[in-house]
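Trainee: I would like to learn how to read the features of a model like this one, step by step. Could we begin with the backbone and then move on to the sheets and the charges?

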Amino acid sequence: MILRLYRKILAYVLVRKDPVSYARSLGVKIGQRVKLISIRPGSGTFGSEPYLVELGDDVTVTGDVQFVTHDGGVWVFNSKENEMGDPKNIDVFGRIRVGNNVFIGYGSIILPNVDIGDNCIIAAGSVVTGNVSSDSVVGGVPAKFIKSIDDYAKSIEHRRVMVRTLSPEMKRAKLEEMFQNDS
């Protein structure tokens with residue numbers, strides 16, 4: 001009991017200090033410059049088989065994203081005997097691969113046997129049930145192609161704001177000035 005509590009505390013400390021190292025300690029294969037935002041130990045972010053998840057370079061995973069590496073639907077078969085006469089012994093698993101330079105929006109769910117290509121955006125709240133081609137923006141339930149990355153870049157051109165190098169105070173002032181007429 002004390003050892004279990006110690007492990008939980010250690011996991012919380014590690015995930016707060018270095019979420020990428022925490023994910024690697026679970027077996028997730030992770031590239032360079034990956035950002036894992038708001039993951040929590042025991043939350044199931046990387047499924048019950050985290051060693052089946054692979055993230056490329058320059059990937060951002062936002063909060064409440066889940067990588068599901070198994071098909072839980074097979075539980076309906078576990079009350080029946082399979083062809084070998086062995087009940088309750090059916091499982092189905094699949095890898096999840098995420099390419100380079102990918103943004104996965106808040107609350108998205110990535111299901112087993114999914115490959116996400118390079119230079120992709122997964123919109124918030126999406127359920128990704130199939131492969132995503134490189135240079136794509138997808139969203140919805142189930143996730144569908146919305147537009148190319150190039151079309152997305154063109155569509156936000158007029159809304160771009162350069163504030164990353166500003167202090168928090170200067171950023172706030174700029175944004176409040178920009179949006180003062182919106183209220």
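Mentor: Let us start with Pro142, which is found in the loop between β12 (136–139) and β13 (144–148). Please keep in mind throughout that this is a predicted model.

Trainee: What kind of peptide bond joins Val141 and Pro142?

Mentor: As a general idea, most peptide bonds are trans, and most residues other than glycine have a negative phi. Here the bond that joins Val141 and Pro142 is cis, with omega at about -10°.

Trainee: Which phi value does Arg33 have, and where is Arg33 found?

Mentor: Arg33 has a phi near 55°, which is positive although the residue is not glycine, and its place is the loop between β1 (29–30) and β2 (35–36). Asp64 also has a positive phi, near 55°, and belongs to the loop between β4 (60–61) and β5. As for accessibility, Arg33 is exposed because its relative accessible area is 55%, while Asp64 counts as partly exposed with 36%.

Trainee: How should I read the sheets, and in what order do the strands of the 4-stranded open sheet stand?

Mentor: In general, the strands of a sheet pair through backbone hydrogen bonds, either parallel or antiparallel. In this model, 4 strands form an open sheet with parallel pairing, in the order β1-β3-β6-β9. Because β1 and β9 each have a single partner strand, they stand at the edges, and one side of each is left without a neighbour in the sheet. Within this sheet, β1 pairs with β3 (residues 53–55) in the parallel sense over 2 bridges, and Lys29 stands opposite Glu54 in β3.

Trainee: Which strands make up the open sheet of 3 strands?

Mentor: That sheet has the order β5-β8-β11, and its pairing is parallel. Its edges are β5 (66–67) and β11 (127–128), each with a single partner strand, so one side of each lacks a neighbour in the sheet. Strand β8 (residues 109–110) is joined to β11 by 2 bridges, and Ile110 has Val128 in β11 as its bridge partner.

Trainee: Turning to charges, how many salt bridges are there, and which residue forms one with Arg33?

Mentor: When a side-chain nitrogen of Lys or Arg within 4 Å of a carboxyl oxygen of Asp or Glu is taken as the criterion, the count comes to 5 salt bridges. Asp58 is the partner of Arg33, with the closest N and O atoms 2.7 Å apart. Asp58 lies in the loop between β3 and β4 and Arg33 in the loop between β1 and β2, so this pair ties together parts that are 25 residues apart in sequence.

Trainee: What joins Asp115 to Arg97?

Mentor: These two form a salt bridge whose closest N and O atoms are 3.9 Å apart. Since Asp115 lies in strand β9 and Arg97 in strand β6 (residues 96–98), the pair ties together parts 18 residues apart in sequence. In helix α4 (residues 168–178), by contrast, Glu176 and Arg172 are 4 residues apart and are therefore separated by about one helical turn. Salt bridges that share partners also join Glu54, Arg97 and Asp115 into one network.

Trainee: Which residues form the negative surface patch?

Mentor: The patch is formed by Asp118, Asp135, Asp150 and Asp151. One of these, Asp118, sits in the loop between β9 (114–116) and β10 (120–122), and counts as partly exposed because its relative accessibility is 31%.

Definitions and conventions: Residues numbered from 1 in each chain as written. Predicted model: local features only at pLDDT ≥ 70, side-chain atom pairs only at ≥ 80, totals over all residues. Heavy atoms only, no water. Patch = residues over 30% accessible without salt bridge, like charges linked within 9 Å, V, L, I, M, F, W, Y side chains within 5 Å. Areas by Shrake-Rupley, 256 points an atom, 1.4 Å probe, with all protein chains shown as cover. Lys, Arg positive; Asp, Glu negative; His and termini not counted. Charge placed at Lys NZ, Arg CZ, Asp CG, Glu CD. Buried < 20%, exposed > 50% of the residue type's maximum accessible area, 1.4 Å probe, protein only. Pairing = 2+ DSSP bridges.
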